[in-house]
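Keep the picture open while you read.

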Amino acid sequence: KGDIVQDMAVIGSKVKVKNEGTISDFKLVGVSEASPLEGKVSVESPLGRALLKHKTGDTVEFETPAGKKIYEIISVE
């Protein structure tokens with residue numbers, strides 16, 4: 001009760017995802033730290049919001065300018 005769930009994605013989490021066979025690593029960060037080229041995703045971005053509070057094994061969907069993306073979460077650290 002009140003314990004932080006270790007495998008839930010929160011700010012600071014490193015999240016490994018799979019999309020159409022491609023594996024990517026992202027770190028969830030605050031808006032000021034976001035750097036897509038370094039894999040640092042803002043929790044305010046569509047991807048960041050989709051990953052937030054999800055766990056290993058979850059599938060998340062979010063809209064991008066190019067259309068809907070579906071990621072499977074492989075791991076959260």
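## Asn19 and its neighbours

A polar atom of the Asn19 side chain sits 2.8 Å from the backbone oxygen of Ile70. That makes use of the polar contact rule: a pair of N or O atoms within 3.5 Å, where, within protein, one must be able to donate a hydrogen and the other to accept it, and residues adjacent in sequence count only if both atoms are side-chain atoms. This is a predicted model, where local features need pLDDT of at least 70 and side-chain atom pairs pLDDT 80 or more, while totals for chains, interfaces and linings use all residues. Residues are numbered from 1 along each chain as its sequence is written, and side-chain values use heavy atoms, with hydrogens and water left out.

Leaving aside residues up to four places away in sequence, Asn19 touches Lys69, Ile70 and Tyr71 (contact means heavy atoms within 4.5 Å). Asn19 is part of strand E1, residues 14-19 (strands are DSSP runs of E, at least two residues, numbered from the N terminus). Its relative accessibility is 13%, so Asn19 counts as buried (under 20% relative accessible area, with a 1.4 Å probe and protein chains only).

## The ring cluster

Phe26, Phe62 and Tyr71 make up one aromatic cluster. Rings of Phe, Tyr and Trp (its six-membered ring) pair if their centres lie within 6.5 Å; planes under 30 degrees apart are stacked, over 60 edge-to-face, and the rest tilted.

There are 2 aromatic pairs by this rule. Phe26 and Tyr71 are stacked, 6.2 Å centre to centre with 10 degrees between the planes. Phe26 belongs to strand E2 and Tyr71 to strand E5, so this pair links parts 45 residues apart in sequence. Phe62 and Tyr71 are edge-to-face, at 5.4 Å and 80 degrees.

Technical notes: Helix = DSSP H or I, 4+ residues; strand = E, 2+ residues; numbered from the N terminus. Buried < 20%, exposed > 50% of the residue type's maximum accessible area, 1.4 Å probe, protein only.
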